[in-house]
Amino acid sequence: MRIVVSSFISLDGVVQAPGAPQEDTDGGFAHGGWTQAYFDEEVVGGAFDGVLEKADALLFGRRTWQTMAAAWPERAGDRFADRMNSIRKYVVSGTLGEQDLTWENTVLLPGAEAVARIRELRGSEGGDLVVMGSPSLVRTLIGEGLVDELLLVRMPVVLGGGKSIFPTNGSRRAFELLSTTTAKTGAEVCVYRAAEG
C-alpha cells in the first residue's frame, strides 16, 4: 500500500482546524474554519474525491478520527459520505479502546505499536492508505520515511502559527512535485511524490 497524506495547508505551513471554528483550539488557535473562503468544489473537492476513490483504507490520529466519527455517519446518503463511512479506517490511539470504535469499519492501532503496524500495512498488497488531518501522526510518518505522496491543498492565507505536519528534528526528506492545479479561489492542489535524496 502507498501512504498518501491529504491535507489543507496555509502558506506558512499551518494545518490546524481547517474546517470549523471549534475544531481544534489548542494553543489558543483562533482561526478555525480558515479554508472555507478558499474552498472550490471543482478543483479542491475533486482532488479529495480522487484521493478517496483510490483509497483502500483511511488512517487517522485519535483526535481527527473522533472529529470525523462524530460528523460523517450523520451524512449518509451522499456519495462521498457513504464512501467515508464504508471504507476501512485505522485509528492510532493510546487511549481509545475497542468499545470506543463506534464508527463503522474502524480498526484500532495501539499507540505503542502504531509505527510497526503502519509499516506492515504499507508493505501489504492494496491501494492507497490515505491520511487526513492528524498532524501529529503525519509528522511521525514523514519523520519515519513512510509517506509516499503528499496532496497538499495550499490556501492563500498566512495564519501566524498553529500545528504543522512537518517534523522539526532536522531530518531531511525530498519530494518531487508531480502536479499543481489552481482553483478560481487561489487554492492550489499540489501533489508531491517521495524522492530519493
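A residue is called buried when its relative accessible area is under 20%, exposed when that area is over 50%, and partly exposed in between (1.4 Å probe, protein chains only). Helices (H or I, at least four residues) and strands (E, at least two) are DSSP runs, numbered from the N terminus. The structure is a predicted model, in which local features need pLDDT of at least 70 and side-chain atom pairs count only at pLDDT 80 or more, while totals for chains, interfaces and linings use all residues. Residues are numbered from 1 along each chain as its sequence is written, and side-chain values use heavy atoms, leaving out hydrogens and water.

**View 1. The buried side of helix α5.** Helix α5 spans residues 135-143, and its buried residues are Pro135, Leu137, Val138, Leu141 and Ile142. These residues lie on the same side of α5 because they cover an arc of only 155° around the axis; the arc is that of the directions from the helix axis to the C-beta atoms. They pack against β1 (2-10), β2, β3, α4 (114-122), β5 (128-132) and β6 (149-155), where contact means heavy atoms within 4.5 Å. Just after α5, glycine 145 has a positive phi of about 70°.

**View 2. The open sheet.** Eight strands form an open sheet with mixed pairing, in the order β4-β3-β2-β5-β1-β6-β8-β7. At its edges stand β4 and β7 (174-182), each of which pairs on one side only. Two strands count as paired if DSSP finds at least two bridges between them. From one strand to the next, the twist averages 25°. Axes are lines fitted to C-alpha atoms, for helices over the stretch in contact, and angles run from 0 to 180 degrees between N-to-C directions.

**View 3. Strand β3 and its two partners.** Strand β3 (residues 88-93) is mostly covered, with five of its six residues buried. Strand β2 (residues 55-61) runs parallel to β3 and is joined to it by five bridges; here arginine 88 in β3 is the bridge partner of alanine 57. Five bridges also join β3 to the parallel strand β4 (residues 106-110), where tyrosine 90 stands opposite valine 107 in β4.

**View 4. Strands β1 and β5 with the helices on the sheet.** Strands β1 and β5 run parallel and are joined by five bridges. Arginine 2 has aspartate 128, in β5, as its bridge partner. Helix α5 packs on the sheet, touching β1, β2, β3, β5 and β6, and its direction makes about 110° with that of β2. Helix α1 (residues 41-54) lies across β1, β2, β5, β6, β7 and β8 (188-195), running at about 110° to β2.
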